[in-house]
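Open the model in your viewer and keep the selection panel at hand. The stops below say what to select and what is there.

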Number of protein chains: 2
Amino acid sequence: MIGGDLKVARRGLMFILSSPSGAGKTTLAGRILEKEDQMVLSVSVTTRERRAGEVHGKDYFFVSEEEFFRMRDNSELLEWANVFGNHYGTPRSLVEETLRQGKDVLFDIDWQGAQQLDEVAGEDVVKVFILPPSREELEARLRRRAQDSEEVVQKRMAKADAEMSHWAEYDYVIVNYQLDESEELLRSILFGERLKRRRQIGLASIVKEMTGDG
Amino acid sequence: MIGGDLKVARRGLMFILSSPSGAGKTTLAGRILEKEDQMVLSVSVTTRERRAGEVHGKDYFFVSEEEFFRMRDNSELLEWANVFGNHYGTPRSLVEETLRQGKDVLFDIDWQGAQQLDEVAGEDVVKVFILPPSREELEARLRRRAQDSEEVVQKRMAKADAEMSHWAEYDYVIVNYQLDESEELLRSILFGERLKRRRQIGLASIVKEMTGDG
């Protein structure tokens, strides 16, 4: 697949997607992952309750508070945060191993996680923020999906506002007017970033051979 | 066309392609321009002799030394250089006007020009270096195209080495193994760069409306 299989050895990148819940981020992440064998999803650990339909090891690693704090204190988490009283964190080992193999890791996380990952791994990080097309559309989507009370919907809208207030900390922004188009744009960002000179660690030796300096 | 027509107001970018002569840069530039109505080619002024088939205003603006120095001294050139005793320069007005309109300008220039444009317009500049797949292939292409003497071919190979020595000053590098693939990769870089937050000058007001701060 074009862009997915560079012939030059490269270091993987950390592809971070953030957005308010309801903007299409998780759908987009799924579409990208489906077509990309050079990319894996970072699965977070969390202490929150498993919801109906969620699979341990796929949606999250569901762990006890005790286990969460053990991992955190043992430097097994790249970042962590507390959201609505629940703990979330990114296991370190999968990320580091994947990058070394020249593959990418996709993160479906909020601005707190994005900020922390940027701090600990800035060179490898590419941050993309997905905006909904309008406030009305965002609220409509939250109502459609939620079996929740009005109070929970309003709480989510407030959280969406808080999340969107961080858009300017991101490298790229996509306004998700239309999913197919947004998917293509997201893929352009990914393929472009893979071509950054500093990620293509095999270039120096190629040029050396080319110019007869080798 | 996807990626070519963002709905958010944006500032144009300066898309710089450099490569040793014979690496496929001019072919790639032509293919990108053909499909992009959001991009124009920067046509340089030069004091060198017009070659057979070259068109004034399309390949170059052919000017006298006197006119060239007048433009330079009148700040009408963004950058200029002397190559093999001939002067080359980039007219400023087309570039500035195009960027303001939210369109991009493509530059088919060497490392000297790229360096100077980066100095005067760094924020707007995206630099891409095209490498040939191998030294043998590069030399073969230079021989095929040249009606020139062996001496001229060797001079061009030396110039190619000098040009390639600057690859590490570029943001992106494409090794041109296959033209169709390289064209797609180049387009990914372009579409990705258009989505950089800081180029999308219309975002702030969109977010303001979205979060009800407006």
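Which residues have the most contacts inside the largest nonpolar core? They are Ile16(A), Val128(A), Ile16(B) and Val128(B), in a core of 86 residues. A nonpolar core here is a set of buried Ala, Val, Leu, Ile, Met, Phe, Trp, Tyr and Cys residues joined through C-beta atoms within 7 Å. A residue is buried if 20 or more other C-beta atoms lie within 10 Å of its own, exposed if 12 or fewer, and partly exposed in between, with C-beta atoms placed from the backbone.

The model is predicted: local features need pLDDT of at least 70, side-chain atom pairs count only at pLDDT 80 or more, and totals for chains, interfaces and linings use all residues. Residues are numbered from 1 along each chain as its sequence is written, while chains are lettered from A and ligands numbered from 1 in the order in which they are written.

Stay on Ile16(B). Leaving aside residues up to four places away in sequence, Ile16(B) touches Phe107(B), Ile109(B), Ala114(B), Leu117(B), Val125(B), Val126(B), Lys127(B) and Val128(B). Contact means C-beta atoms, placed from the backbone, within 7 Å.

Next, show both chains. Here 37 residues of chain B contact 37 residues of chain A. On the side of chain B that touches chain A, the elements giving two or more residues are α6 (150–164), β9 (172–175), α7 (179–194) and α8 (203–210) of chain B. Helices (H or I, at least four residues) and strands (E, at least two) are DSSP runs, numbered from the N terminus. The most comes from α7(B), with eight residues.

Move to the strands of chain A. β5 (residues 77–83) pairs with β6(A) in the antiparallel sense over six bridges; strands pair if DSSP finds at least two bridges between them. Trp80(A) has Gly89(A) in β6(A) as its bridge partner. In the β5(A)–β6(A) hairpin, with two residues between the strands, Phe84(A) has a positive phi near 50 degrees.

Finish at Ser75(A), in the loop between α2 (65–73) and β5 of chain A. Its phi is near 60 degrees, a positive value in a residue other than glycine. Ser75(A) is exposed, with 8 other C-beta atoms within 10 Å.

Notes: Two residues are in contact if their C-beta atoms, placed from the backbone, lie within 7 Å.
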